[in-house]
Amino acid sequence: MKKSAVLNTEVSYVIADMGHFDTLMIGDAGMPVPDGTKKIDLAVTLGLPTFIDVLKNVLSELQVQRVYLAEEIKAENPKQLEAIESIVDVPIEFMPHVKMKAHLTHDKAFIRTGESTPFSNIILESGVTF
């Protein structure tokens, strides 16, 4: 049995398949995912699993060099922004939420959580390990 933190088969596969500069998005239950983008649906019910729990789990295995958040999180969900800033130790860039939605066509996958708070979405840009 796998010993590391990420036990979900699909999430583990996507992380293993990430190359330098590839992107992966983790998001809330309401994010519209376009056809053609792989969606890994972890949502059980509203609130489960939480966005932060899934983010922490993915960050335990994925080397990240930069993250992207919606500009709107600053005003609409400052508690979530604070939680993200407390666990992310790489540069954070902000973009309009509409641009994040459009970016989904470029991401390796979208991991859907049960999160129901607004603008709880993050793009993780893969780094390199040595």
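Mentor: A helix here is a DSSP run of H or I with at least four residues, a strand is a DSSP run of E with at least two, and both are numbered from the N terminus. The model is a predicted one, in which local features need pLDDT of at least 70, side-chain atom pairs count only at pLDDT 80 or more, and totals for chains, interfaces and linings use all residues. Residues are numbered from 1 along each chain as its sequence is written, and side-chain values use heavy atoms, with hydrogens and water left out.

Trainee: How many helices and strands does the protein have, and in what order do the elements run from the N terminus on?

Mentor: There are five helices and six strands, in the order α-β-β-α-β-α-α-β-α-β-β.

Trainee: Why is the protein called as compact as a globular protein of that length?

Mentor: The comparison uses the radius of gyration over C-alpha atoms and a globule rule of 2.2 Å times the number of residues to the power 0.38. The rule gives 14 Å for 130 residues and the protein has a radius of gyration of 14 Å, so the description holds. Along the principal axes, the C-alpha atoms fill a box of roughly 40 × 35 × 30 Å.

Trainee: In which strand does L124 lie, and what makes this residue buried?

Mentor: L124 lies in strand β6. Buried means under 20% relative accessible area, exposed over 50%, and partly exposed in between, with a 1.4 Å probe and protein chains only. The relative accessible area of L124 is 0%, and L124 is therefore buried. Across the protein, buried residues make up 42% of the 130 residues.

Trainee: Which residues is L124 in contact with, leaving aside its neighbours within four places in sequence?

Mentor: Contact means heavy atoms within 4.5 Å. By that criterion L124 is in contact with residues including M18, L24, I26, L55, V58 and R66.

Trainee: What makes a set of residues a nonpolar core, and which residues have the most contacts inside the largest one?

Mentor: Such a core is a set of buried Ala, Val, Leu, Ile, Met, Phe, Trp, Tyr and Cys residues joined through side-chain atoms within 4.5 Å. The largest has 36 residues, and those with the most contacts inside it are I26, L55, V58, I84, I122 and L124. Elements that each supply at least two residues of this core include α1 (9-17), β1 (23-27), α2 (51-59) and β6 (122-126). In soluble globular proteins, nonpolar side chains tend to be buried together.

Trainee: Is Q80 buried or exposed, and how do you know?

Mentor: Q80 has a relative accessible area of 9%, so Q80 is buried. Q80 has its place in helix α4 and touches F51, I52, I73, E115, T117 and S120, not counting residues up to four places away in sequence.

Trainee: Why is V98 called exposed?

Mentor: V98 has a relative accessible area of 58%, and the term therefore applies. V98 is found in helix α5, residues 97-103.

Trainee: What makes F21 count as exposed, and what is its phi?

Mentor: F21 has 52% relative accessibility, so F21 counts as exposed. Its phi is positive, about 75 degrees, although F21 is not a glycine. F21 lies in the loop between α1 and β1. F119 also has a positive phi, near 60 degrees, in a residue other than glycine, and F119 is found in the loop between β5 and β6.

Trainee: What is the omega of the cis peptide bond from L48 to P49?

Mentor: Omega is near -15 degrees for that bond. P49 lies in the loop between β2 (39-41) and α2.
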